[in-house]
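Here are my notes on the model you sent, as numbered points. They start with the terms and the chain as a whole, then go through local features one at a time.

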Amino acid sequence: MVDFLAENNLCGQAILRIVSRGNAIIAELLRLSDFIPTVFRLKDKSDQQKYGDIICDFSYFKGPEYYEGKLETKPELQDLDEEFRENNIEILYDYCQMHKKWKALYLDDLNEGVYIQQTLETVLLNEDGKQLLCEALYLYGVMLLVIDQKIEGEVRERMLVSYYRYSAARSSADSNLDDICKLLRSTGYSSQPGAKRPPSYPESYFQRVPISPTFVSMVIGRLRSDDIYNQVSAYPLPEHRSTALANQAAMLYVCLYFAPSILHTQQAKMREIVDKYFPDNWVISIYMGITVNLVEAWEPYKAAKVALNYTLDTANIKEQACRYASGLETLRPQVQQLLKEGFLREEIVLDHIPKLLNCLRDCNVAIRWLMLHTAESVYDPNNKRLRQIKDQVINDSKYNPKILFQLLLDTAQFEFILKEMFKQMLSEKQIKWENYKKEGSERMTELAEVFSGVKPLTRVEKNENLQAWFREISKQIESLNYEDSTAAGRKTVQLIQALVEVQEFHQLESNLQVCQFLADTRKFLHQMIRTINIKEEVLITMQIVGDLSYAWQLIDSFTSIMQESIRVNPSMVTKLRATFLKLASALDLPLLRINQANSPDLLSVSQFYSGELVAYVRKVLQIIPESMFTSLARIIKLQIHDIMEVPTRLDKDKLKDYAQLGARYEVAKLTHAISIFTEGILMMKTTLVGIIKVDPKQLLEDGIRKELVRRVAFALHKGLTFNPKAKIQDWQSVYQSTHIPIPKYSPVDESATFIGRLCREILRITDPKVTCYIDQMNTWYDMRTHQEVTNNRLFSEIQHTLGTFGLNGLDRLLCFMIVKELQNFLNMLQKTILRDKAVVDIFKVLLSAVNPVKGIVANAAKVYANAVAKTQKIWASYLDAILKVGQMQILRQQIANELNYSCKFDSKHLAAALDNLNKSLLADIEAHYQDPTLPYPKEDNTLLYEITAYLEAAGIHNPLNKIYITTKRLPYFPIVNFLFLIAQLPKLQYSKNQGMTCRKAADPVDWPPLVLGLLTLLKQFHSRYTEQFLALIGQFIRSIMEQCTSQRIPEMPSDVVGALMFLEDYVHYTKLPRKVRNFPDSSPLRLKIILN
């Protein structure tokens, strides 16, 4: 028969995919439940007032026209609705798509004969098929319970209605949103403590999507009667049966809600279920630590309640509690004995495998029962009967959480050591077996030679019979086959017996050396039997017995005990490591089927559960940094307040006073404690928790940083309380008005106002890394698609919308942003580039190579290429800053053009007056510099300041001529900028139609922002820097062209073309005259210097 889970078995693969998807959906539900926006809960009055009209439950579907009409009549609600949609559509989409994944079409296909030769009955006869069908129904129930527990009904309805309104689902013909809404409408259940359980819950909830009663009945029948996972073999003792069947009991508990009549009326079936699964337990874990108390869960069901009465009988509770209490007393010393250094040796483990496994079983069963039945979270404090049961359990079991936790630690450590030993023994099993066989055979061969009389051995006479017999034994040992372990084991036992008999019958006891040979051979044969009995089944049994998935959530109640244990003894971290690894084994439960199905969900589900566990590990180990900082605080206090500073000269009689031995001893003790704490966490070793590798060094560093941030933030919060009088109040501001106040809103991003948000959006869409600006067309194009992004009409629209003051405000903000960018850039240049000795040496070498600037550089291509190659790493941040400044300058130019155009159009007299006044002022200032006796505005005269504001508002200014920051002299500044420019030229190419454009979209450089950025940067410094920079470019062009001429290269290199284009654009943007006579003889822009 074909394997049910084989890839070519369509029936098996279909049900496997459903089960895999069910596990993935539950993980996704748990993840999403932590990310649901709080606004959907509408708990705060402010949220209710703000969003109450746009967030609706399923009452929306009774009259959607009413709700939509209400929104249409209020524009402010429409804006809020649009904002809410943009903020939450992604989480709503994830939420609804998750539910659409679950489609229970398999049963219909099975019943209709889609899968040839397979029916529901035949699938249930197959072991894998039986497991998967039971899991499918169980996971569907778990999914419904998890949804209701993690996401309240009202919240679900609001999210689904919002998704319906904001998506195209309403118009989609194949949308199954109606089915999802039917399934997920509110049940009235609340997970809040003290909340009343709705009537007929959860069975009415489970019946919203009908499932075949025959299928449900057959699944429950299998769960009632069979051990579907063959777990009982791992728990041979009858006392452990309920633990062996715990996972199946959880599945049965969930599936019974699909057939509530069994719970209500069928007492015989319920009694059978309770006797088999719940004779000694009433608290169960249904999935990844989600716990249920059957006393409370089965209270409304008559048959279930009656069946459970015997389990909840006072005498039975006392018997179980006392049994586990006495077990705890005997198991602790037993495990501690096994954990003693050097006790667990290979020989002892191999000789006592059953005994060690029994100890593991007893420990895990005791821990499971006590942890589940004493947990605070499973007993409702408002339920009197539950309180009584809880008190009785705690009293009769003499429950002490510290003792239970200690047993958990020891058991996890014991389990970890045993597993590692078995893994190593399994890997070395065959090699060791073959070695023992070889040693035994060689001993027998040697003895045969001894009795041959050839090999001298004290007092051994020649005996041909014994010689032949020992040779035969050697051959028999040699013939043992590792692959046939059963036959080999049986034959080995016979050989051992034969060696015992030969010693007795042939009176060989008198010869000690022969006896020693025989004893050694028997020992090797015994070792072979031990080694052949090392089987993987032992590891599988340990994995089953060591399951800790039931404590996935309950373990958090032991966090304080863990942290206190670490604080007292930091080396406790090593045992905790074993506990965390034991807890990580819980990941096998949800991942098994996902892995079998080769599902793409494997990574996301693994990451979710592993991330949850790693977060818990960090939470527990955070006590180490906290304790370290507490000790540091005490050391600081002692050093500042208690320990006196020892003077340079000290009288002998005062020596004792200054010694302060007590305080200094305390400092030494605390310092030692800090070092012990760090050692403790580093003892944990690098550990793979699920699929996430936990590095203890990184863990310690992150923990210290977290604690440092917390303490520094707290200190700043408490310490930095400024004098409120120093704050500028509204009434002091020239922009604020009492009668018409500017409203204040909480910032939604890094921008304080809408102007900031507008500015950053414009910068985003015109980003020179993704767009290309064509100056002749005043238009930005997408660098990859070549589609138009925006153009100068954008600023006309802004001017039309926000007015002149709004556009002028945007210009001023860009101005301040340029200032900030230039300051950051120069800071970076001074602190990183100019302080890097290796880079500065490159500048020095290049500077000596290019001097004098009027000359030609020998071997120019190689000199420049070497300098560029060696400095390549520093240009990335340099380019970013230059492009940002250039981008903002282009935007300022466009704004100035728009302001000037609108001013001339709307206020031509004002524009003319401002232009004339500006020109006359500039003429007077120039005349003053030529003849200082002529008048000049004094420092206290506000004319220049006020006229500047008017000119900028009217767009009568050139942003490229503005001095944004004050600067100091910087060494190598011209050569740095020159090197930067020629480093960018290979990324660009010349086009006759478009000028300089980016060569590759993957390595973007936009030409106009590059030119304007460099121009603006040079403008902030003395003009001689610009002259030197342009002279270097001229020398570069001449040197490269000279080399090309000498090598007879006909075409002009692209870098030379780029450099010439830079000079051309530089002259264009700075509006410098092109005629040679207009420049001084010493000017580097003379064409003779550039081209000759």
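1. Helices here are DSSP runs of H or I with at least four residues, and they are numbered from the N terminus. The model is a predicted one. With that naming, Pro202 sits in the loop between helix H9 (177–184) and helix H10 (203–206). The peptide bond that joins Tyr201 and Pro202 is cis, and its omega is about 10 degrees.

2. Pro852 belongs to the loop between helix H37 (837–850) and H38. As background, most peptide bonds are trans.

3. The loop between H37 and H38 also holds Asn859. Phi of Asn859 is near 50 degrees, which is a positive value in a residue other than glycine. Is Asn859 buried, exposed or partly exposed? Its relative accessibility is 46%, so Asn859 counts as partly exposed; the exposed class begins over 50%.

4. Asn598 is another residue other than glycine with a positive phi, again near 50 degrees. The loop that contains Asn598 runs between helix H29 (588–596) and helix H30 (601–621). Asn598 has a relative accessibility of 60% and therefore counts as exposed. For context, most residues other than glycine have a negative phi.

5. On the chain as a whole: the protein chain has 46 helices and nine strands. It comprises 1092 residues, of which 48% count as buried. The protein chain exposes about 58100 Å², and carbon and sulfur atoms supply 53% of that area. Among contacts with a separation of 6 or more, 75% are between residues 24 or more positions apart.

6. How are H38 and H42 oriented towards each other? Helix H38 (residues 860–870) packs with helix H42 (residues 973–984) at an angle of about 95 degrees, and their axes are 10 Å apart. The two helices are therefore roughly perpendicular to each other, since that term covers angles of 65 to 115 degrees. From H38, Tyr864, Ala867 and Val868 meet Phe978, Leu979, Ile982 and Ala983 of H42.

7. Ser1039 is worth a look in the viewer. This serine is found in helix H44 (residues 1023–1046). Is Ser1039 buried or exposed? Its relative accessible area is 1%, so Ser1039 is buried; the cut-off for that class is under 20%.

8. Which residues does Ser1039 touch, leaving aside its neighbours within four places in sequence? They are Ile856, Val857, Ala860 and Tyr864. Tyr864 is also one of the H38 residues that meet H42. The side chain of Ser1039 reaches the backbone oxygen of Gln1035 at 2.8 Å.

9. The pairing of E5 with E6 is antiparallel and rests on four bridges. Cys772 has Tyr781 in E6 as its bridge partner. The hairpin of E5 and E6 has four residues between the strands, and within this hairpin Asn778 takes a positive phi near 50 degrees.

10. Strand E6 (residues 779–782) is joined to E7 by three bridges, and these strands run antiparallel. Which residue of E7 is the bridge partner of Trp780? The partner is Thr790. Tyr781 has Glu788 as its bridge partner in E7, and Tyr781 is also the E6 partner of Cys772.

11. The hairpin of E6 and E7 has five residues between the strands. In this hairpin, His786 takes a positive phi near 65 degrees.

Methods
Residues numbered from 1 in each chain as written. Predicted model: local features only at pLDDT ≥ 70, side-chain atom pairs only at ≥ 80, totals over all residues. Heavy atoms only, no water. Buried < 20%, exposed > 50% of the residue type's maximum accessible area, 1.4 Å probe, protein only. Polar contact = N/O pair within 3.5 Å; in protein donor to acceptor, adjacent residues only side chain to side chain. Contact = heavy atoms within 4.5 Å. Areas by Shrake-Rupley, 256 points an atom, 1.4 Å probe, with all protein chains shown as cover. Pairing = 2+ DSSP bridges. Axes fitted to C-alpha atoms, helices over the stretch in contact; angles between N-to-C directions. Parallel < 35°, antiparallel > 145°, perpendicular 65-115°, else oblique.
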